[in-house]
Amino acid sequence: MPLPAKKLLTSFFFGFALLVALIAFFLKFNSGQKLFTAEELALYNGTDDSLPILLGILGSVFDVTKGKSHYGAGGGYNHFAGRDASRAFVSGNFTGDGLTDSLQGLSSTEVHSVVGWRDFYFRSYKFVGRLVGRYYDSQRNPTKYLKGVEAKAARGAQLLEKQKIMEAKQPSCNSRWSQDDGGEVWCDDGFPRLVQRPLEIALTGKMSKRCACFNEDQLGQAGLEVYEGCDYLAKRCRV
């Protein structure tokens, strides 16, 4: 005996709702949307062969098991496994307080570099979820901190491009170094001089110098420094 139309409609909507729920469940746990706490992520640090190896960067979590020789126990990058150590990607401090997700005090270009590392993991490894904390809340929404990091990284990219354009106007010296002979800089055209990078304060928070090549009629400019022990018109200088 056929079901009444009302019951058919009810069954249809029930079945549809169940299908939607199943799809949502699948997407949540199988399409890179799993949420991790710091304690949960720590379990995937490469010490348990039955578990994948995961790492976090800027709150995004990746499966790096295919790089087990690097990220597994005893590997050179094992300090990144089972945690979000975003800061260490640019600081090089792989111990203690250096293994933190805080980017406080980093310059805009250093933050830009961390974002670049995150993009590398998106390209090279499987994205498996988000880490609840500094960068994502329990609803998977990016936090104000992450939005600030993204904005700072964008400023860093703009500064790097501006500096690249500025430095292209004054070509850099050629250089080489060996353990036996030490370092040497030279210019195919012009004369090597040390010059301050004016944008470096904004880039890294400290001044630095680069070697650039200047024509003879430019050597009287303020701020040009002759390498110690190098003749005024020498085209090559030991450093």
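How many disulfides does a search of the whole structure find? The search finds three, a disulfide being a pair of cysteine sulfur atoms within 2.5 Å.

## Basis of the model

This is a predicted model, in which local features need pLDDT of at least 70 and side-chain atom pairs count only at pLDDT 80 or more, while totals for chains, interfaces and linings use all residues. Residues are numbered from 1 along each chain as its sequence is written, and side-chain values use heavy atoms, with hydrogens and water left out.

## Overall fold

The protein chain has seven helices and nine strands, taken as DSSP runs (helices H or I, at least four residues; strands E, at least two) numbered from the N terminus. Of its 239 residues, 36% are buried, where buried means under 20% relative accessible area with a 1.4 Å probe, protein chains only.

## The disulfides

Cys173 is joined to Cys211 with an S to S distance of 1.9 Å, and the torsion about this S-S bond is about -75 degrees, so the disulfide is left-handed. The pair links distant parts of the chain, 38 residues apart, with Cys173 in the loop between helix H6 (144-168) and strand E5 (174-178) and Cys211 in strand E8 (residues 209-214).

The sulfur atoms of Cys187 and Cys213 lie 2.1 Å apart in a disulfide; Cys187 sits in the loop between strand E6 (182-186) and strand E7 (191-196), whereas Cys213 belongs to strand E8. Cys187 is buried at 4% relative accessible area, and Cys213 counts as buried at 7%. Cys230 and Cys237, both buried, form a disulfide with sulfur atoms 1.9 Å apart. With bonded cysteines counted along the chain, the pattern is 1-3, 2-4, 5-6.

Note on methods
Buried means under 20% relative accessible area, exposed over 50%, partly exposed in between (1.4 Å probe, protein chains only).
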